[in-house]
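Please open the structure in your viewer and keep the sequence panel beside it. The tour below goes from one selection to the next and says what can be found at each stop.

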Amino acid sequence: MENEHTEDIRVKFLNHPDTQELFASLDYMLKDGVHFQREGNQARFYNYIYSNIDSLKAYYRFLFNVELTFGGTETRGYYFLDFIGSSRGQIDAGHRHHMKSEHVIIGFVIYKIFFIDNQIDMVSVKDLQKKIRIDYEDLKPGIYRLIAKSRNTNPGNLNDEAIDATVESALREFKKIGWVTLNDDEFDLLPAFDRLIAIHEDLINNMDETLNELR
């Protein structure tokens with residue numbers, strides 16, 4: 001039995017000097033699916049989690065039945081709430097994050113460009129849009145079908161502007177959950193982008209087959 005004078009690890013983080021400033025915002029963002037790494041204004045949240053990891057892990061496991069998890073490597077790591085399967089534990093449905101299928105596919109194409117085709121110097125949103133439109137033209141029919149399905153329209157009504165808009169909206173979505181940085185026309189992949197690989201490992205491992213289905 002725990003000694004009555006021993007502090008419960010599940011609330012130990014409350015004593016940290018930054019808790020009053022950071023925890024409420026951190027809590028909302030974690031539940032909304034944001035990934036935190038040592039990048040930009042995320043760094044202070046990352047450091048706060050790092051300093052309180054055991055306490056915060058116990059807190060989220062006990063109250064919400066979810067895991068505060070570390071991903072990536074020691075030098076390029078990130079924290080996120082891991083929702084097992086399709087369950088969100090005790091997280092309110094209002095925080096459920098569902099990524100559109102066309103955004104997932106754009107993520108696959110970005111993954112192919114960067115990690116398979118090694119186009120690691122790509123930093124411009126406009127250049128990325130152009131590359132997808134021209135160099136991956138054979139994938140466009142499938143992307144059109146996905147966009148049309150989400151818009152409840154006919155694929156024949158779509159053109160290259162729809163591709164550009166979907167690339168931009170996908171990057172905004174990835175920025176929202178901490179997978180990329182996005183400033184005007186410049187973007188960069190963050191360490192947490194590899195969550196796309198973890199979540200859709202079966203599709204990534206069969207990348208050619210996955211993309212062939214778009215043709």
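The model is a predicted one.

**The whole chain**

Begin with everything selected: the chain has 10 helices and 5 strands, and of its 215 residues 45% count as buried. Among the contacts between residues at least 6 apart in sequence, 58% join residues at least 24 apart.

Next select residues 101–116, which make up helix α4, with 16 residues and a reach of 21 Å from the first C-alpha to the last, close to the 22 Å expected at 1.5 Å a residue. How many of the residues of α4 are buried? The number is 13 of the 16, so this helix is largely enclosed by the rest of the structure.

**The largest nonpolar core**

Now show the side chains of Ile-110, Leu-128, Leu-171, Phe-174, Trp-179, Phe-187 and Phe-193, which are the residues with the most contacts inside the largest nonpolar core, a set of 37 residues. At least two residues of this core are supplied by each of β3 (77–82), α4, α5 (125–135), α6 (140–151), α7 (160–176), β4 (180–183) and β5 (186–189). Which element gives the largest share of this core? That is α4, from which 9 residues come.

Keep Trp-179 selected and display its surroundings: leaving aside neighbours within four places in sequence, Trp-179 is in contact with a list of residues that includes His-35, Met-99, Phe-174, Asp-188, Leu-189, Ala-192, Phe-193, Arg-195 and Ile-199. A second, separate core has 21 residues, and Tyr-46, Leu-56, Val-66 and Leu-81 are included in it.

**Gln-129 in helix α5**

Select Gln-129, whose place is in helix α5. Gln-129 is buried, with a relative accessible area of 8%, and, not counting residues up to four places away in sequence, it touches Asp-164, Val-167 and Glu-168.

**The loop between β4 and β5**

Two residues can be picked in this loop. Asp-184 lies between β4 and β5, has a phi near 55 degrees, which is a positive value in a residue other than glycine, and is exposed, with a relative accessible area of 79%. Asp-185 also has its place in the loop between β4 and β5, but is partly exposed, with a relative accessible area of 25%.

Draw a distance from the C-alpha of Asp-185 to that of Val-125: these atoms are separated by 5.1 Å, although the two residues are 60 apart along the chain. Setting aside residues up to four places away in sequence, Asp-185 touches Val-123, Ser-124, Val-125 and Lys-126.

**Helices α1 and α2**

Two packed helices are described by the angle between their axes and the distance between the axes. Select residues 19–31 for helix α1 and residues 43–51 for helix α2, which pack at an angle of about 100 degrees with their axes 10 Å apart. That angle makes α1 roughly perpendicular to α2. On the side of α1 the contact is made by Thr-19, Glu-21, Leu-22, Phe-23, Ser-25, Leu-26 and Met-29, and on the side of α2 by Arg-44, Phe-45, Tyr-48 and Ile-49. Coloured by class, this contact has 7 nonpolar, 2 polar and 2 charged residues.

**Last stop: Ala-58**

Finish at Ala-58, found in helix α3 (residues 53–64). Is Ala-58 buried or exposed? Ala-58 is buried, with a relative accessible area of 13%. Not counting residues up to four places away in sequence, Ala-58 touches Ile-9 and Arg-10, while Asp-8, 50 residues away in sequence, is 9.6 Å from Ala-58 in space, C-alpha to C-alpha.

How values were computed
Residues are numbered from 1 along each chain as its sequence is written. This is a predicted model: local features need pLDDT of at least 70, side-chain atom pairs count only at pLDDT 80 or more; totals for chains, interfaces and linings use all residues. Side-chain values use heavy atoms; hydrogens and water are left out. Helices (H or I, at least four residues) and strands (E, at least two) are DSSP runs, numbered from the N terminus. The expected span of a helix is 1.5 Å times one less than its number of residues. Buried means under 20% relative accessible area, exposed over 50%, partly exposed in between (1.4 Å probe, protein chains only). Contact means heavy atoms within 4.5 Å. A nonpolar core is a set of buried Ala, Val, Leu, Ile, Met, Phe, Trp, Tyr and Cys residues joined through side-chain atoms within 4.5 Å. Axes are lines fitted to C-alpha atoms, for helices over the stretch in contact, and angles run from 0 to 180 degrees between N-to-C directions. Angles under 35 degrees count as roughly parallel, over 145 as roughly antiparallel, 65 to 115 as roughly perpendicular and the rest as oblique. Ala, Val, Leu, Ile, Met, Phe, Trp, Tyr, Cys and Pro count as nonpolar, Asp, Glu, Lys and Arg as charged, and the others, Gly among them, as polar.
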